[in-house]
Amino acid sequence: MDDLIRDLRKRVAGEVLFDQMTKVLYSTDASIYEIEPLGVVIPRTTDDALATVEVCGRHGVPILPRGAGTALAGQAVGRAVILDMSKHLNRVLEVNPEERWARIQPGVVLDELNEQLRPHDLWFAPDLSPSNRATLGGMMGNNASGAHSIVYGRTVEHILEMQAVLPDGDLIGARPVSPAELTRLLASATREGDIYRSLHRLVSTHREEILARYPKILRRTGGYALDEFVNGRPFNLSRILVGSEGTLATTLEAKINLEPRPKPTETALVVVHYRSMLEALQSIGEIIPTRPGAIEVVD
């Protein structure tokens with residue numbers, strides 16, 4: 001561990017924290033779990049994040065990219081080196097209001113992003129309840145959806161491109177590729193080509209099982225999203241990275257889709273009481289045709 005700490009401090013300009021107080025602070029998230037990490041790195045620059053991944057990979061030490069820790073299933077705690085992007089890598093890098101997209105760093109907080117987009121009358125549509133803390137990197141990690149996912153879908157529907165670093169420190173770009181470009185990538189003798197070949201072979205081999213067994217539900221966010229590659233959309237690696245909880249790569253930057261900000265209008269709230277949770281869930285089929293903006297369950 002001393003060698004790891006020394007190498008990190010040699011390469012990282014940001015904070016390299018292996019003291020007991022920091023480890024205790026990062027041992028919990030919004031879940032019921034508590035796991036003390038090996039240490040915490042707070043990168044000041046993208047190069048710091050790259051160096052952290054490369055050094056930890058060389059030492060055989062796991063890393064855990066962490067957003068705000070607002071998810072409920074323990075995704076942000078683990079026996080690993082925590083990589084916290086929220087302190088410094090939290091900028092909106094570019095906004096294109098005409099084409100309705102923005103480039104962001106993973107540590108930007110959802111509410112702060114949307115406030116910067118307000119003058120353009122645009123917003124990033126997935127609206128989480130912890131929106132004043134949740135980071136875009138964390139939302140990409142667990143493919144967050146929010147109350148109005150019935151209208152806007154999940155985070156994966158709004159990620160256009162990603163720049164990420166692989167476990168060995170190699171950079172990779174994830175973007176939609178044309179059939180001709182996909183053919184070229186599948187024939188490439190590069191690390192990128194290996195990744196495209198592996199994913200393409202996996203999806204092609206198990207296509208019928210994926211179509212048959214992946215649940216056909218709006219907010220399916222569990223597991224690797226292989227079903228995103230059998231639906232006729234352009235091949236885009238970001239669709240497997242989103243929702244992978246940082247297990248495949250660490251996000252450094254993303255190009256995101258923006259939606260027009262909803263106009264104030266008359267709203268109505270309907271509260272329906274049920275005798276059981278099963279009865280409530282069975283009634284959703286009758287509710288959907290009324291085109292609600294959101295459906296929430298309070299048990």
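Buried means under 20% relative accessible area, exposed means over 50%, and partly exposed lies in between (1.4 Å probe, protein chains only). The views below show a predicted model, in which local features need pLDDT of at least 70, side-chain atom pairs count only at pLDDT 80 or more, and totals for chains, interfaces and linings use all residues. Residues are numbered from 1 along each chain as its sequence is written, and side-chain values use heavy atoms, leaving out hydrogens and water.

**View 1. Tyr196, Phe229 and Phe235 form one aromatic cluster.** Rings of Phe, Tyr and Trp (its six-membered ring) pair if their centres lie within 6.5 Å; planes under 30 degrees apart count as stacked, over 60 as edge-to-face and the rest as tilted. Phenylalanine 229 counts as buried because its relative accessible area is 11%, and phenylalanine 235 is buried too, at 9%.

View 2. Helices (H or I, at least four residues) and strands (E, at least two) are DSSP runs, numbered from the N terminus. Tryptophan 123 is buried, with 12% relative accessibility.

**View 3. Helix α4 (residues 110-117) has the buried residues Leu110, Leu113, Asn114 and Leu117.** Seen down the axis of α4, these fall within an arc of 95° (taken from the directions from the helix axis to the C-beta atoms), so they line one face of the helix.
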